[in-house]
Amino acid sequence: MSATLITNIKMLVNAREDYKLLRGNDLANLPVIENAYLIIEHKKIVAYGEMEDFVHHTQTITEVIDAEGQIVLPCWCDSHTHLVFAASRENEFVDKIKGKTYAEIAASGGGILNSAKRIATATEDELFASAWKRLQELIHLGTGAIEIKSGYGLSTESELKMLRVIKKLKLKSPIPVKATFLGAHTFPLKYKENHQGYIDVIINEMLPAIAKENLADYIDVFCEEGFFSKEETITICKAAMQYGLKPKIHANQLNVSGGVQAGVELNAISVDHLETMDDATIHVLAQSNTIGTMLPTAAYFLRMPLQPARKLIDAGCAVALASDFNPGSSPSGNMNIVVSMSCIQMKMLPEEAINAATINGAFAIELEKEVGSISKGKLANLIFTKPIPSLEYLPYAFGSNLIDKVMINGVFI
Ligand code: NIG
Ligand code: FE
């Protein structure tokens, strides 16, 4: 059997066999092997350790890569994106500079509704082509697993169109992709005064069609004032759970919305955003199995206070970090920036941020057995840094591209 040997790795980061969802003090525990080797066979990590312990295995090493001076990390696991969209929205970005709020733009037919208009007229092929390009860019920035949501369709036809594009991405992508149905992203204009009417469409039309084509792994709802209430969120999620979709919810972005409580009551995989948290809500999350996924670039882009990461971690919540890549609130899917921002503005330790963006991110899309750490049997989806003095340098030097190469399935891309 042919194998790839990587030698002289300055630091092999997040190398562990006992991977579990990290919370509290454990989040700062990032195992690193200095001066390490790594062996890859058939796309997967099969062995690793200290260089001095390396003995020539019986298997044929067909390729040797000298990683002298380089730090090797597991690729980022981006557990929350809206990667499929038809057009950027920089006009709204300028409106916000001039003083409009995100909520005001949404209320006047911009925002999500603006993206929905563009999805309605785009073809599946066009949407696939633009999403594919974005995905390639993200992989080069070190993303090695990703979740992608629908939610700019808002009609049965367009939601199915988005989900079919995501399915195609899943089939063609070199990295693992998970699909989330977010039909409950906002109320289409014609249902503005008839919430139950749209919820009926979601439950009676969209969900059965999605299940029939097996288009989604997760159900998401934007639980927020002016969008979906806690009760509406629970109704929609429960209906989706009948089809085997597990909840991952947009919660507590703009208001203390009850979204976190809804997620915890539903035993959701994750509740995402968390810009607006009070102590009672943090306590509820800390006592649960639900992951709190923080999206700092969305808070940054909307000029909102960033997520209270310290409070969440110190209370014992299991937190992940994701990009929220979307045209309205986070037009960047660069996880390196997410990690930097978490350290600089949310006071996460570099070790905590890296764990939250790798192993805990993998748990947030149930891919912890495939990716998220350097472990035997996991995919060789790896970031090779340029020569840098330390691991801390990575979030510290926030403006530099410190990635030399990215390896996906054991091959450099
Ligand atoms: O996660 N908050 C809701 N949904 C997206 C933004 C959607 C948009 O503005 O297009 C988010 O931030
Ligand atoms: Fe989002």
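**Figure 1. Asn267 in the loop between α8 and β11.** In this predicted model, where local features need pLDDT of at least 70, side-chain atom pairs count only at pLDDT 80 or more, and totals for chains, interfaces and linings use all residues, Asn267 is found in the loop between α8 (259-265) and β11 (270-273). Residues are numbered from 1 along each chain as its sequence is written, chains are lettered from A and ligands numbered from 1 in the order in which they are written, and side-chain values use heavy atoms, with hydrogens and water left out. Helices (H or I, at least four residues) and strands (E, at least two) are DSSP runs, numbered from the N terminus. Asn267 is not a glycine, yet has a positive phi of about 55°.

**Figure 2. Lys347 and helix α12.** The loop between α12 (335-346) and α13 (350-357) holds Lys347. Just after α12, this residue takes a positive phi of about 60°, although Lys347 is not a glycine. Lys347 has a relative accessible area of 63% and is therefore exposed; the cut-offs are under 20% relative accessible area for buried, over 50% for exposed, and partly exposed in between (1.4 Å probe, protein chains only). Within α12, Met335, Val338, Val339, Ser340, Met341, Ser342, Cys343 and Met346 are buried.

**Figure 3. The iron ion (ligand 2) and its donors.** His80 (NE2), His82 (NE2), His250 (NE2) and Asp324 (OD) coordinate the iron ion (ligand 2) at 2.1 to 2.2 Å. Donors are N, O and S atoms within 2.8 Å of the metal (3.2 Å for Na, K and Ca); water is not among the atoms, so sites may look incomplete. Along the chain, the donors of the iron ion (ligand 2) follow the spacing H-x1-H-x167-H-x73-D. His80 is buried, at a relative accessible area of 0%, and His82 counts as buried at 2% relative accessibility.

Figure 4. Strand β6 (residues 76-78) pairs with β7 in the parallel sense over three bridges, where two strands pair if DSSP finds at least two bridges between them. Asp78 stands opposite Ile146 in β7. Strand β7 (residues 143-149) and β8 are parallel and pair over four bridges. β7 is mostly covered, with seven of its seven residues buried.

Figure 5. Strand β8 (residues 177-184) is mostly covered, and eight of its eight residues are buried. Strand β9 (residues 218-223) runs parallel to β8 and is joined to β8 by three bridges. Phe181 has Ile219 as its bridge partner in β9. From β8 the chain crosses through helix α6 (residues 195-212) to β9, a right-handed β-α-β crossover. A crossover is right-handed if, with the strands pointing away from the viewer, the path from the first strand over the helix to the second runs clockwise.

**Figure 6. Nonpolar surface patch at Phe93, Val94 and Ile97.** Phe93, Val94 and Ile97 form a nonpolar patch on the surface, and together have about 250 Å² of accessible area. Accessible areas come from the Shrake-Rupley method with a 1.4 Å probe; for residues, only the protein chains shown count as cover. Patches are made of residues with over 30% relative accessible area and no salt bridge; like charges are joined within 9 Å, nonpolar side chains (Val, Leu, Ile, Met, Phe, Trp, Tyr) within 5 Å. A salt bridge is a side-chain nitrogen of Lys or Arg within 4 Å of a carboxyl oxygen of Asp or Glu. Ile97 lies in helix α1 (residues 90-97) and is exposed, with a relative accessible area of 52%.
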